[in-house]
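Have the viewer open as you read.

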Amino acid sequence: MNQDLRRERAAASFNPDRLTYILDGSPENTRRRREIENLILNDPDFQHEDLNFLTRSQRYEVAVRKSATMVRKMREFGISDPDEIMWFKKLHMINFVEPVGLNYSMFIPTLLNQGTTAQQEKWLFSSKGLEIIGTYAQTELGHGTHLRGLETTATYDPETQEFILNSPTVTSIKWWPGGLGKTSNHAIVLAQLYTKGKCYGLHAFIVPLREIGTHKPLPGITVGDIGPKFGYDEMDNGYLKMDNYRIPRNMLMKYAQVKPDGTYVKPVSNKLTYGTMVFIRSFLVGEAARSLAKACTIAIRYSAVRHQSEIKPDEPEPQILDFQTQQYKLFPLLATAYAFHFVGAYMKETYHRINEGIGQGDLSELPELHALTAGLKAFTSWTTNTAIEACRMACGGHGYSHCSGLPNIYVTFTPTCTFEGENTVMMLQTARFLMKSYDQVHSGKLVCGMVSYLNDLPSQRIQPQQVAVWPTLVDINSPDSLTEAYRLRAARLVEIAAKNLQTEVSHRKSKEVAWNLTSVDLVRASEAHCHYVTVKLFTEKLLKIQDKSIQAVLRNLCLLYSLYGISQKSGDFLQEGILTDSQITQVHQRIKELLTVIRPDAVALVDAFDFQDVSLGSVLGRYDGNVYENLFEWAKKSPLNKAEVHESYYKHLKPLQSKL
Amino acid sequence: MDRPVHRVSMGDPWSRQVHPDIASERYTQSFDVERLTNILDGGAQNTTLRRKVESIIHGDPVFNLKDNYFMSQNERYEASIQKKFHIQKLAERLGWLEDSRELHYASRTLSGDLALGLHHIFVKALRSLGSDEQIAKWAPLCNKFQIIATYAQTELGHGTYLQGLETEATYDADTQEFVLHSPSITAIKWWPGDLGRSATHALVQAQLMCSGARRGMHAFIVPIRSLQDHTPLPGITVGDIGPKMDFEQTDNGFLRLDHVRVPRENMLSRFAQVLPDGTYIKLGTPQSNYLSMVVTRVELLLGEITPLLQKACVIAIRYSVIRRQSQLRPSGPEAKVLDYQTQQQKLFPQLATAYAFHFLANNLLEFFHRSYSAILNRDFSLLPELHALSSGAKAMVADFCTQGAELCRRACGGHGYSKLSGLPSLVTRVTASCTYEGENTVLYLQTARFLIKSYLQAQASPGSTLQKSFPQSVAYLTAPDLARCPAHRAADFLHPELYTRAWAHVAVRLIQDSVHHLQTLQQSGAEQHEAWNQTTVIHLQAAKAHCYYVTVKSFTEALEKLANEPAIQQALKRLCDLYALHGILSNAGDFLHDGFLSGAQVDMVRTAYLDLLRLIRKDAISLTDAFDFTDQCLNSALGCYDGNVYERLFHWAQKSPTNTQGNPAYEKYIRPLLQSWRPKL
């Protein structure tokens with residue numbers, strides 16, 4: 001092992017294994033996770049060449065092969081618990097990018113949620129065993145997050161009892177669904193339902209795409225790959241054009257129904273689809289935490305190995321992790337990775353708790369959860385997106401090479417900002433809920449849950465001098481007190497947005513125009529709300545940790561997370577009189593102290609994330625720290641070095657030299 | 001509207017008709033777009049020349065960029081070598097000289113997708129660091145491509161910090177040769193472009209050892225490949241460093257030197273010489289070795305980095321008037337996404353930045369030309385300021401352009417993730433600029449050192465600022481400062497004088513703070529270097545504020561020169577206002593901190609800022625059209641002039657090799673997976 005890393009690990013103030021147990025939920029979870037990971041690590045069927053050296057088509061092929069192997073192995077190993085499936089996939093796919101992934105993450109769950117018992121009987125077994133491979137086709141070339149804008153139509157023909165699926169325009173072509181291009185032979189297609197001459201809005205239809213046996217597109221179906229992308233090379237995101245294509249009465253009919261004669265029966269409640277979305281969003285928040293944790297692991301380990309410049313003349317070059325600027329780049333991100341981990345865990349628990357409620361018909365908590373998770377998905381994915389890039393750049397030039405693994409983590413993560421709801425739209429959904437809650441408080445009703453701080457808003461008593469209203473009692477060394485500061489900020493920004501909205505409404509006729517002209521404020525309010533929730537959840541987590549040494553180190557991370565956020569948004573805290581000038585100066589000072597305090601534990605804190613080298617996919621982030629030797633070896637393996645003199649020398653360079 | 005043909009020349013049938021949603025944006029223009037293009041080009045004659053070059057390039061199928069997104073790294077490399085080859089032939093035929101406008105325009109037209117870029121960096125370094133005899137010997141060889149050269153500085157274990165480089169050049173007086181050697185694995189040269197497979201010679205930066213002493217970094221011309229068959233010469237291990245985020249057309253390489261001997265004449269000796277007996281003679285300052293890096297940085301701003309953000313803006317803004325999403329009014333049609341305030345807030349600050357950097361970079365280039373000839377004549381008085389300005393500007397421009405291009409990409413939703421949008425390639429290309437030619441944090445800190453020095457100088461002898469020698473870019477350090485901002489209403493924040501002073505105030509305060517922190521630590525007994533390290537975060541902040549101030553100032557000065565063009569001046573002034581105010585809002589804490597701005601004034605800034613978004617909205621397409629990038633050069637299905645986004649995206653996707661070539665994975669894996677299909681399906 002590299003000497004620097006050995007020294008770092010020996011000097012840590014806590015045992016990273018203990019922290020791993022907390023992150024996994026229990027020592028038993030950690031044990032089982034490692035057991036599953038070892039199944040893959042030791043299995044020759046899962047070995048393959050470094051993906052960075054393969055072409056897109058080769059990467060797709062490797063991914064399909066691994067998916068096929070995986071289905072077999074999971075049966076063999078008896079892995080069926082959702083968490084265990086995730087551990088398994090996490091390691092073997094590294095990035096979760098798999099062409100048949102949508103079959104499990106969207107096709108089957110949608111079938112389960114929206115299919116009738118008969119439909120489930122018919123499709124579930126074969127799709128679980130991959131006898132059919134399904135995907136989920138919603139987004140269109142010209143339409144994304146705004147579902148009502150989708151153009152694809154499904155017109156019922158009572159004569160033949162068939163639906164006629166049609167893509168009437170170029171913009172209506174289904175675009176982006178994963179696995180659609182080359183892999184899937186069925187899709188659940190979202191389309192505007194027409195029956196008896198009337199449009200009933202979006203419904204889901206099971207549509208066969210490719211002929212069983214030959215895999216050729218069926219007549220009336222145009223299907224293909226949408227071409228190269230930023231990342232997701234392994235995935236055949238596809239397009240689908242349907243030309244008056246007839247299918248049997250395959251609409252998913254658990255809720256809404258079309259009777260054989262074409263009569264439409266309305267669904268009882270439309271809140272139910274919220275459940276799936278909440279689940280996916282909680283998963284995405286967890287993914288944000290994991291991706292950021294990976295990036296931090298790589299950047300921090302490499303910064304402990306890399307030596308550069310001088311701090312003191314005539315002394316050896318120091319580890320770059322000793323530079324204040326490097327600590328300032330990385331440690332707040334490390335703290336963020338922990339914060340988001342706890343947010344993700346909270347969302348998952350809440351989902352499971354509420355999901356039991358859904359089963360028993362209690363839907364009361366769904367709207368808040370749905371609204372909240374939208375904002376948290378946007379908040380965490382935006383932050384993580386920037387943070388992964390910051391980690392990459394903190395590795396200097398080598399971060400730009402695929403050997404660092406960071407470009408890959410970034411391009412795989414960044415779609416999270418746009419898929420499952422574009423982030424700005426998500427923020428505005430949360431804002432809508434915040435505005436509703438604010439109005440409710442105003443009309444004298446109390447609100448509960450994460451927005452209950454609105455109950456305390458002294459709206460009626462707001463003075464021109466805001467400073468007088470908010471007594472500055474913030475203790476910058478207390479997580480509770482900092483949570484309070486974030487709470488005040490959220491309350492104020494929600495109120496400002498609400499008042500600006502009212503002003504715009506009173507100036508103009510249309511509510512929608514007013515909403516648009518306030519949307520920058522509304523997004524700000526949502527962000528402040530989500531920031532508060534994150535600080536609050538991190539702070540609450542501290543109380544539940546028994547181990548004193550771990551509690552101490554997490555407390556420092558929690559303080560750093562909170563104080564760093566204040567320093568970045570100091571304008572809000574100053575303007576609203578939540579903190580004074582001199583407190584802001586103290587905040588800056590305290591951050592620098594915390595950097596020094598965290599420094600000796602930095603490597604142990606990333607070790608605790610417990611990523612296998614394989615899943616980091618990084619030469620810079622290796623556990624053993626032997627970076628340079630392996631970097632040289634890695635480069636030599638690059639296919640470009642296969643011939644000592646490249647053919648273009650003979651074709652172009654030599655003539656260039658002789659002709660001029 | 002009558003438009004030059006070249007704008008809509010993708011050759012697609014639907015190009016003949018401009019999409020009504022973008023045509024309507026161009027019906028009523030508040031200024032003459034062509035005039036603005038001329039201004040950006042530095043004169044109408046330049047615009048004409050540029051378009052002439054563009055039509056030559058676009059007329060030749062060899063220069064087509066369309067298939068770039070579908071090519072492997074190997075194919076990209078070969079194509080870019082081929083393009084370079086053709087450009088050289090073309091240049092020879094048409095009499096385009098090295099460093100001529102024509103060749104610059106050709107490179108712009110091809111989005112820099114040309115191999116052997118380092119060859120020209122080598123020539124620049126040669127001209128900066130070489131003696132007259134050396135220039136006379138090597139420059140003609142380079143011009144005729146009798147050798148292909150690169151510039152090898154960075155090592156596997158060492159980057160921006162030059163003194164840390166390990167490669168050694170030991171002088172052997174017996175044979176009058178230098179022995180170049182890589183003593184460890186971390187000393188292997190790593191990253192130089194064109195090194196992996198193309199270059200025959202490298203300008204190697206190495207620690208000079210002569211007469212038993214280390215003399216610091218010097219540059220040596222080292223032959224690395226045979227001029228006969230291109231095989232590596234004895235003692236040379238060379239190759240490609242493997243796949244990267246981008247620059248696939250460039251063979252960034254590694255180079256390991258095993259006691260390789262080169263003649264004494266191969267050390268570049270404008271600023272230092274080694275005599276035959278090994279006597280070392282120094283002719284310049286320690287900084288003179290940085291001169292070639294300064295040259296490169298200044299030219300990168302206009303030639304490489306800023307245009308990448310400009311293109312991202314063109315693509316994202318054009319797409320945002322075609323893309324419709326949700327409704328602004330309940331009964332209305334789906335609205336253009338550019339009509340949403342949140343979309344404007346994402347894109348317009350980027351557009352403003354793209355313009356701001358154009359003027360900043362031009363300013364810097366002028367300053368550079370003024371000081372460069374003096375420096376070559378060994379008058380180094382302007383070098384510190386030039387170094388500080390170019391370091392800070394490079395860091396800031398790289399930083400903001402990277403963030404901005406990525407913002408533009410994400411503002412295009414899902415389609416921004418497709419390579420066919422052109423945006424991923426812009427992002428991966430521009431982001432490299434944050435670490436190449438000096439890592440940004442290190443560069444900002446170099447600017448900070450200069451600021452502190454200037455500040456102390458101004459404090460020590462207040463009269464010195466009146467002297468000519470006091471650097472002009474920091475003259476504001478001693479100008480009378482306002483303690484409070486005098487604004488009373490939102491409109492007051494639209495006065496360039498007011499916001500320029502606001503930025504000056506914040507920069508001065510932060511520089512004061514950073515000096516104060518440093519001195520306090522030193523006085524409390526901290527060692528000088530430790531004190532510096534413990535205060536770098538605040539130095540960084542100060543340098544950033546200074547750079548922002550310099551940018552705002554150069555933008556406002558550029559506006560003053562446009563008095564003859566009131567319509568253009570007005571449109572650009574809004575961008576300048578937006579740039580300044582966006583910065584204030586993003587750093588509101590710094591302005592509120594000492595009470596310079598009150599809370600009420602920050603609200604006024606926000607009001608003024610939101611109003612500007614609305615005003616810029618109607619000029620948005622004209623402002624992006626004015627950059628006058630051809631469709632071929634943008635190479636984006638989303639950003640073409642005609643706005644036919646969806647047809648083009650569908651058409652391009654169908655040409656992807658994933659659709660035109662078979663699917664071997666089906667036969668091998670999918671079919672066996674599906675083997676137990678049931679006929680009833």
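How much area do chain A and chain B bury between them, and what share of it is on carbon and sulfur atoms? In this predicted model, the two chains bury about 11400 Å² between them, with 61% of that on carbon and sulfur atoms. On the residue side, 129 residues of chain A touch 134 residues of chain B.

The rule also picks out three salt bridges across the interface of chain A and chain B.

| Chain A–chain B interface | Value |
|---|---|
| Buried area | about 11400 Å² |
| Share on carbon and sulfur atoms | 61% |
| Salt bridges | three |

Now for a helix pair within chain B. Helix α2(B), residues 33-41, packs against helix α3(B), residues 44-58, at an angle of about 90°, and their axes are 7 Å apart. That angle is why the two helices, α2(B) and α3(B), count as roughly perpendicular to each other. From α2(B), the residues E34(B), T37(B), N38(B) and D41(B) meet A44(B), N46(B), T47(B), R50(B) and R51(B) of α3(B). Sorted by class, this contact has one nonpolar, four polar and four charged residues.

How far can you trust chain A? Its average pLDDT is 89, and 93% of the residues score at least 70. Residues 460-469 of chain A are a stretch with pLDDT below 50, and in the model this stretch has 10 contacts beyond near neighbours in sequence.

How values were computed
Residues numbered from 1 in each chain as written. Chains lettered and ligands numbered in written order. Predicted model: local features only at pLDDT ≥ 70, side-chain atom pairs only at ≥ 80, totals over all residues. Heavy atoms only, no water. Axes fitted to C-alpha atoms, helices over the stretch in contact; angles between N-to-C directions. Helix = DSSP H or I, 4+ residues; strand = E, 2+ residues; numbered from the N terminus. Parallel < 35°, antiparallel > 145°, perpendicular 65-115°, else oblique. Contact = heavy atoms within 4.5 Å. Nonpolar A, V, L, I, M, F, W, Y, C, P; charged D, E, K, R; others polar. pLDDT = per-residue confidence, 0-100. Buried area = accessible area lost by both parts, 1.4 Å probe. Salt bridge = Lys/Arg side-chain N within 4 Å of Asp/Glu carboxyl O.
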